[in-house]
Amino acid sequence: MEQQQGKQGVTVAKLFPNQDPMKFVQFKFKELEDGFKSWLSKQSLPVEAAVVTATGGVQGAAIGAIMGTLTPDISSSMPTPPPQASLNPQAMASLKQAQALAGGPLIQARNFAVMTGTNAGIACIMKRLRGKEDVQSSMVAAFGSGAMFSLVSGMGGPNLATNAITSGLFFALVQGGLFKLGEKLSKPPVEDLCYARTRSMLNNLGLQNYEKNFKKGLLTDNTLPLLTDSALRDVRIPPGPRLLILDHLRRSGTRS
C-alpha cells in the first residue's frame, strides 16, 4: 500500500513540477494551442478557413448564449400582431428586428456564431491571400460579418440586400477605426534622432524641460558647436540654464 502511494506521489510530482498544478495546466494548454496552430498552418486554404470559421462560430455561440442567459428575454413580452392585421411594412420590419435582437440564449448564440464565424473565416482567407494582417483585411472581414449578422438577425427594414450592405459598411468602419486606434496605442513613441545628443546633454544637466525650446528653435545636434548665448536667449531659455549649457559644451570640447 505504501509502495503504491509512493508511486502515485512520484507521478504527481512529474505531472505538476514545483507542486504548481496551474502552471502545468497553462503549459499544457499553450503546448496544445501551438501544436494546433502549427498543424493548421500546413493545411490548404479551404481546410484552414473551414476550421477557423467553425472555431470562431463556436466561440461566438458561447458568448451569445451567455449574454442571452444574463439578459432578460423581452421578445416574449412584445405584442404579436394578429395574422390579418394590416401594419405598415416599416413598422412590421422594426417589430421583427426587435424580436430578433431581444431573443433568448439560442437566438443570441445563433447571431453571435454567424457574426464571429464569418469574421474569423474571412480574416483567415485575407491573411492567406495577402500574407499580412492590416486594416484593409480587417475591414473586409468586418463587412462580411456585419452583412451576415444583418441577414440572420433580421436587423433593418424589409430590403435585405440594402440592410446587409449598410450593416456591413457600419461594421467595417467601426472595425477600421478600432484597428487604427489599436495600432496607434500599441506603437511606442518615436524618438527624434536629431536631438539625441541634445537630449542626453539636457538630462545630464537636469534641464530636460528645455528640450521643447531647442526643438522650437530647430537647434538640432548639428548646431550644438555653434550655440551662443544669443541663440539660447532667442528660444527663451533663462540665463542660468544658458550658462550651464554653454559651460558644458566648452568643457566637453563641443564648442571652443
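Let me start with Arg-233, which forms a salt bridge with Asp-229 in this predicted model. The closest N and O atoms of the two side chains are 2.8 Å apart. Both residues belong to helix H10, residues 229–234, and they sit four residues apart, about one turn of the helix. As a general point, an α-helix has 3.6 residues a turn, so residues three or four places apart point the same way. Arg-233 has a relative accessible area of 44% and is therefore partly exposed. Asp-229, at 26%, is also classed as partly exposed.

A search of the whole structure finds 13 of them. One joins Arg-128 to Glu-48, with an N to O distance of 2.7 Å. Arg-128 lies in helix H5, residues 105–130, and Glu-48 in helix H3, residues 45–70, so this pair ties together parts that are 80 residues apart in sequence. How does the accessibility of the two partners compare with the cut-offs? Buried means under 20% relative accessible area, and Glu-48, at 13%, therefore counts as buried. Arg-128, at 33%, counts as partly exposed.

A further salt bridge links the side chains of Lys-127 and Glu-133, at 3.2 Å from N to O. Here Lys-127 is partly exposed, with a relative accessible area of 44%, while Glu-133 is exposed, at 59%.

Let me step back to the overall architecture. The protein has eleven helices and zero strands. Of its 256 residues, 30% count as buried. Among contacts with a separation of 6 or more, 58% are between residues 24 or more positions apart. The protein exposes about 16900 Å², and carbon and sulfur atoms supply 64% of that area.

Next, helix H7, which covers residues 160–186. At 1.5 Å a residue, its 27 residues should span 39 Å; the end C-alpha atoms are 38 Å apart, which agrees. Which residues of H7 are buried? They are Asn-163, Ala-164, Ser-167, Gly-168, Ala-172 and Gly-176. The buried residues of H7 pack against helix H6, residues 135–153.

There is also a nonpolar surface patch to consider. Phe-170, Val-174, Leu-178, Leu-181 and Leu-185 make this patch, which has an area of about 530 Å². Leu-181, one of its members, is located in H7. With a relative accessibility of 46%, Leu-181 counts as partly exposed.

Finally, the interior. In soluble globular proteins, nonpolar side chains tend to be buried together. In this model, the largest nonpolar core has 14 residues, of which Met-201, Phe-214, Leu-227, Leu-232 and Ile-245 touch the most other members. Which elements give two or more residues to this core? They are helix H8, residues 196–205, and helix H11, residues 239–251. H11 gives the most, with three residues.

Leaving aside residues up to four places away in sequence, Met-201 touches Phe-214, Leu-224, Ile-245, His-248 and Leu-249. Two of these neighbours, Phe-214 and Ile-245, are themselves among the core residues that touch the most other members.

Key: Residues numbered from 1 in each chain as written. Predicted model: local features only at pLDDT ≥ 70, side-chain atom pairs only at ≥ 80, totals over all residues. Heavy atoms only, no water. Core = buried A, V, L, I, M, F, W, Y, C linked by side-chain atoms within 4.5 Å. Buried < 20%, exposed > 50% of the residue type's maximum accessible area, 1.4 Å probe, protein only. Contact = heavy atoms within 4.5 Å. Patch = residues over 30% accessible without salt bridge, like charges linked within 9 Å, V, L, I, M, F, W, Y side chains within 5 Å. Areas by Shrake-Rupley, 256 points an atom, 1.4 Å probe, with all protein chains shown as cover. Salt bridge = Lys/Arg side-chain N within 4 Å of Asp/Glu carboxyl O. Expected span 1.5 Å × (residues − 1).
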